[in-house]
Amino acid sequence: MKNKKEKTEVKTDEEKYLYAKDLTNAISCLIREKDKAEIYEGIAKIYEELGEYQDAEILCEQAKNAAKKHRELAKEQDAKAMEIKPDTEEKKGSRFLGKIIFVLILIVILAGIGGVVYLKSEAGRYARADYYEKKENYEKSYKMFHNLKDYKDSKSRSTKSYYEYGLQCKENNEYTKAKDILRELDDYKDSKDQLTELELDNIRQSETGTSVLYGEYKWLIVEKEGDKVFLVKSEPINGYAYHNQSKKITWADCSLREYLNSDFIEETFYKKMSDRILDTKIKVPDNKKYNTKGGRETTDKIFLLNAKQAKEYKQILDNFSRDWWLISPGNSQNTAQYVSYGVIMDYGYEVSNANIHIRPAMWITVK
């Protein structure tokens, strides 16, 4: 026959704590001081292993003192027994002690079963979640409260623990975990502000050419100037015409500029994030080859790159081979230049075409 491996049951701190409590309550059933002393010594060891769990340190000291006291009483008891105890009394005492030990074992078994049942109940799981929260083990507490669903105030406490866990991840430089948690929490407490700080810090530490998350999108860091960082949308966005109708137009008056500096900002960034976007003076160059005008100078938060910038940052921006608009005019005033597979098309395309992508650009401060 094959030998079966015995399974070792590992008790949790709470189960050990409850077990020690049950042993303490059962001691009153004992008669011999020696037995009481031994049980108290065992209880003291359990509490000692528990360390700072609840009031284990205090109970450990109490158990040690009780053990010492019953050791002294046991000596006195033994001395008296040696003087007057006949043989029949010893046998009677042994039988009685056997019954007491049996009862004690039965009590401990029943208490252990009761403890396990309690720990698996909603009340027991709630108590354990509360313990983990107090110990600042928020990863465990938020999961346990979450699994309790509508029990008492589990939902709100799960959210609170989740928030605290997010802050712990942020503090421990666990960027991905912290980012995901704070984004999911959205309007809870100052989650948006915490996320803004987290993403700004990530941008601050990242090198030129890195793709970083800011708001709802990923951006490429194309340039850094001290506390200022120049970002260009990483993946081009489709579905936006340069202007909403085919007519002579410049950047200053086009519908795309109006959208990028109003609805796009509100849809993409939290308030704290948009506050970091700097005003940039935009001078659109004329297209000298076709004698078309760039238009008047503007001040924008979000804008498009011109042909010179597209060439300068070409190596970084070649991550997506799609057609995307440039800010400059094409071969006529109702066209705008664009990039196609990394090549600048200076003759442009009709401004009302909505099949060419956009790559918004902006300067932000990370100070």
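1. Lys143 is partly exposed, with a relative accessibility of 40%; the class lies between buried (under 20% relative accessible area) and exposed (over 50%), with a 1.4 Å probe and protein chains only. Its salt-bridge partner is Glu139, with the closest N and O atoms 3.7 Å apart; a salt bridge requires a side-chain nitrogen of Lys or Arg within 4 Å of a carboxyl oxygen of Asp or Glu. Glu139 is also partly exposed, at 32%. Both residues belong to helix 6 (residues 138–148), where they are four residues apart, about one turn of the helix. Helices (H or I, at least four residues) and strands (E, at least two) are DSSP runs numbered from the N terminus.

2. The model is predicted: local features need pLDDT of at least 70 and side-chain atom pairs pLDDT 80 or more, whereas totals for chains, interfaces and linings use all residues. Residues are numbered from 1 along each chain as its sequence is written, and side-chain values use heavy atoms, without hydrogens and water.

3. The salt bridges number 22. One of them joins Arg204 and Asp201 at 3.0 Å, N to O. These two residues lie in helix 9 (residues 191–205), three residues apart, about one turn of the helix. Arg204 is partly exposed at 38%, and Asp201 is partly exposed at 29%.

4. A further salt bridge, between Glu235 and Arg322, has an N to O distance of 3.2 Å. This pair links distant parts of the chain, 87 residues apart: Glu235 is in the loop between strand 3 (228–233) and helix 10 (255–260), and Arg322 is in the loop between helix 14 (314–317) and strand 6. Salt bridges with shared partners also connect Asp130, Glu133, Lys134 and Arg157 into one network.

5. Strand 7 (residues 335–340) is largely enclosed by the rest of the structure, because six of its six residues are buried. Thr335, Gln337 and Val339 cover one side, and Ala336, Tyr338 and Ser340 the other; all are buried.

6. Strand 7 pairs in the antiparallel sense with strand 6 (residues 324–329) over three bridges, and with strand 8 (residues 343–350) over five bridges; pairing requires at least two DSSP bridges between the strands. Trp325 stands opposite Tyr338, while Thr335 has Glu350 in strand 8 as its bridge partner. A hairpin of five residues joins strand 6 to strand 7. The hairpin of strand 7 and strand 8 has two residues between the strands, and Tyr341 there takes a positive phi near 50°.
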